[in-house]
Amino acid sequence: MKTLLLIITLFAFLQSAFLPVNIVLILIIARSLIVDDRENLFLAFFGGLILAFLTQINLGYYPIIFVFLVVIAGMLKKLPVSFGLLMTFLFGGLLITLTALLNNYFIGQYLEFYPHLIEAILLLPTYFLMKFWEERFVIKSHTKLRI
Amino acid sequence: MPQIWYIYNLMLKFLVYDFKTLAFLVLISIVILLLDFFKLLSIPKGLLQQVTIPIQYGLYKSSTGVSRQFGFVIQARQAAQENKAKSEQMAQILLENSNLRKKLTEAQSFLDQENALSDETFNLTPSRPIGFSRFLIIDKGANDGIRQDQAVVSKANFIGTVKEVDPKRSRVILGSDPDSRISAFSQSDQGKAKGILIGQFGSEMLLDKILHEEPIKVGDLVYSEGQELEIPRGLILGQVAEVIEKDNEIFKQAKVKAVFDIADLELVFIVGE
C-alpha cells in the first residue's frame, strides 16, 4: 500500500510535469483488475487527490471518478471471463474511454485518440508487472521445498 | 434477463462488501469538491504548492532537457536524410545544368558556324567528337551520309578530313597528322605565300615548298588553297609560328601551329556537297 502510494505520487508528479498520458489512472485500473480489495478505493482516492492537486483541477473531481472506476473495474473482474491480454486491453480501454469522456464533459479535456490508445497499450505491461508484484508472496502449487 | 440479474447481484455484492468505505470516500470527495469549488481550500493548497511547484518545475526542466537531447538526435537524423536528398537533387541539377550548358555550347557553335561558313553555301552536318587518339572520332557515320575525304571544320577552321567511315561513327585525320598533306597559302599584308602543309608529329604542321621571293612572316594565318576537291578554299589551317629560311635551299619552310585546341571542341561540322 505504502509502496503503491509512493509510486502513484511519483507518477502524479511525472504526469503533471510533462507526461501526456494518465499513468496514475493506468496504475489504478491495472491493480483493480488484478486485486479486489478495499485498498483499491483508498489508492484511487489518494491518487485522484494528488493528481487533482498537481494538475490544478478541483480536488474532489479525480477522487470521485477514480473511486467509481475502481468499483466498475471490480465488477468487471467478477465477470466470468479469463483476464488475458485481450480482455485486459478491452476492459482497460473501456475504463480509459469512460474517463476520457467524463474528463471531456466535466473539465473540458480534449478527446484525443492516440494518447488514450497509448494508455490502453501501456495498461498491458502495467497489468502484468502489477500481477507479478501482487502475487510475489503467493505460493504456487508447483513450488516445493527441496530437502 | 438472467445476465442482468447476475450483474445486479455482482454490483450489490461489491457495494455491500465495501459499501462503508466507498460511501465514506465518496462523501469526503464531495465535501472536498464543494470546499474547493467555493475556494475554501486555497490556503492549504497554497502552502502545499510551495513544496510541489519546485519539484514539478525541476521535473519539467529535466524533461525539456532530455527531450531536447532526443530532439537533437532526431533532428540530426532528419538533417542527414535531408542532406542526402539535397545531394541527390544537387546531382540532378548539376546534370541538368551540364546538359543545358552542353546544349548552349552547341547552339553557340551552330551560330558561330553559321557566321563563319553559311550553310546556304556549304551543306554542313553537325557532329560531336566522341574520342581522340591519333584520329578524331565523331558520332556521325555512313548512316548519316558521311563519306570518306569530306572536310571537317569548326567555324572557319579546318580540322581534318574523314579517313574512315563506319555506319555510326567516323575517324577524322587531323591537319597535324603526318599523313596529311594540303595545299595552302599564307596571307600577309605584303602578299601571299603558297606551299604544301604537311602534318608533323605533335600538334605542329610544316608549310613546305614556299618560294624564297614569296613573303611570309610569323603570325600570318595559313589558309586552304582549295585544290583538293573536298576542302573548300579559305579555311584557316593555322598560324605561322616560325619561318625556316636557308640560302642553299630552293624553298623555304614555315612551322605552323593550330589556332584551336582539339580538346575544346564541342561540335564540329562535316562539309558536304
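## Close-up views of a two-chain predicted model

**View 1. Helix H1 of chain A, from end to end.** H1(A) has 16 residues and reaches 23 Å from its first C-alpha to its last, close to the 22 Å expected at 1.5 Å a residue. The model shown here is predicted.

**View 2. A:Leu6 in helix H1 of chain A.** A:Leu6 lies in H1(A). Is A:Leu6 buried or exposed? A:Leu6 is exposed, because it has 10 other C-beta atoms within 10 Å, and a residue counts as exposed at 12 or fewer. Look next at A:Gly47, which is 41 residues from A:Leu6 along the chain. The C-alpha atoms of A:Leu6 and A:Gly47 are separated by 9.7 Å.

**View 3. The largest nonpolar core.** This core has 48 residues. Which residues have the most contacts inside it? They are A:Ile28, A:Ile29 and A:Val67. Chain A supplies two or more residues from each of H1 (2–17), H2 (23–34), H3 (39–54), H4 (61–77), H5 (85–106) and H6 (113–134). From chain B, helix H2 (19–37) also gives two or more. H4(A) gives the most, with 11 residues. In soluble globular proteins, nonpolar side chains tend to be buried together.

**View 4. Where chain B meets chain A.** Here 23 residues of chain B are in contact with 21 residues of chain A. On the chain B side, helices H1 (2–17), H2 and H3 (42–116) each supply at least two residues. Which helix gives the most to this side? H2(B) does, with 10 residues. By residue type, the chain B side divides into 15 nonpolar, five polar and three charged. The model scores ipTM 0.83 and pTM 0.52.

**View 5. Chain B as a whole.** Chain B contains three helices and 13 strands. Of its 273 residues, 23% are buried. Among contacts in chain B with a separation of 6 or more, 52% come from residues 24 or more positions apart. The pLDDT of chain B averages 85, and 95% of the residues score at least 70. Where pLDDT is low, the predicted coordinates should not be read in detail.

View 6. E7(B), residues 181–188, pairs with E8(B), residues 191–199, in the antiparallel sense over eight bridges. A hairpin of two residues joins E7(B) to E8(B). B:Gln187 stands opposite B:Lys192 in E8(B). Four bridges join E8(B) to E9(B), residues 204–211, and this pair also runs antiparallel. Which residue is the bridge partner of B:Gly199 in E9(B)? B:Met205 is. E8(B) and E9(B) form a hairpin with four residues between them. In that turn, B:Gly202 has a positive phi of about 100°.

Note on methods
Residues are numbered from 1 along each chain as its sequence is written. Chains are lettered from A and ligands numbered from 1 in the order in which they are written. This is a predicted model: local features need pLDDT of at least 70, side-chain atom pairs count only at pLDDT 80 or more; totals for chains, interfaces and linings use all residues. pLDDT is the predictor's confidence in each residue, from 0 to 100. A nonpolar core is a set of buried Ala, Val, Leu, Ile, Met, Phe, Trp, Tyr and Cys residues joined through C-beta atoms within 7 Å. A residue is buried if 20 or more other C-beta atoms lie within 10 Å of its own, exposed if 12 or fewer, and partly exposed in between; C-beta atoms are placed from the backbone. Two residues are in contact if their C-beta atoms, placed from the backbone, lie within 7 Å. Ala, Val, Leu, Ile, Met, Phe, Trp, Tyr, Cys and Pro count as nonpolar, Asp, Glu, Lys and Arg as charged, and the others, Gly among them, as polar. The expected span of a helix is 1.5 Å times one less than its number of residues. Two strands pair if DSSP finds at least two bridges between them.
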